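Student: I have a new model open and want to learn how to read it. Where do we begin?

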Amino acid sequence: MKLNLLSCDAQRPDKRAIARCITEVSLSANESLSNELTDILLEGDAVDIEVDDKNSGSALRALRKLGIEYEIIE
């Protein structure tokens, strides 16, 4: 499943927690790529990631917990 991470509406976003979450839920992101994607997301630009379908429920919960708005692409 592909997700478009739109924004983070947390008052004080935890950059490390967001990067760690992206690393854990994404199929192809490593730690350095996750840090770059987090920077892009926190600057206000959307980010696309791919999530394993069998872990999609827990991935979506983790993103919501961090205050990340997303849309499901496919």
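**Reading the core and the sheet**

Tutor: Start with one residue. This is a predicted model. Setting aside residues up to four places away in sequence, L5 touches I22, L41, D45, A46, V47, I49, L63, I68, E69 and Y70.

Student: Which residues have the most contacts inside the largest nonpolar core?

Tutor: The general idea comes first. In soluble globular proteins, nonpolar side chains tend to be buried together. Here, the largest nonpolar core has 18 residues, and L3, L5, I22, I49 and I68 have the most contacts inside it. At least two residues of this core come from each of β1, α1, α2, β2 and α3. The biggest share is from α1, with 4 residues.

Student: Which residues of α1 are buried?

Tutor: Think of the helix repeat. An α-helix has 3.6 residues a turn, so residues three or four places apart point the same way. Now the case here. Helix α1 covers residues 15-25, and its buried residues are A17, I18, A19, C21, I22 and V25.

Student: How many bridges join β1 to β3, and in which sense do β1 and β2 pair?

Tutor: Read each pair by its bridges and its direction. β1 and β3 run antiparallel, joined by 5 bridges. In that pair, L3 has I72 of β3 as its bridge partner. β1 and β2 also pair in the antiparallel sense, over 4 bridges. There, N4 stands opposite D48 of β2.

Conventions:
Residues are numbered from 1 along each chain as its sequence is written. This is a predicted model: local features need pLDDT of at least 70, side-chain atom pairs count only at pLDDT 80 or more; totals for chains, interfaces and linings use all residues. Side-chain values use heavy atoms; hydrogens and water are left out. Buried means under 20% relative accessible area, exposed over 50%, partly exposed in between (1.4 Å probe, protein chains only). A nonpolar core is a set of buried Ala, Val, Leu, Ile, Met, Phe, Trp, Tyr and Cys residues joined through side-chain atoms within 4.5 Å. Contact means heavy atoms within 4.5 Å. Two strands pair if DSSP finds at least two bridges between them.
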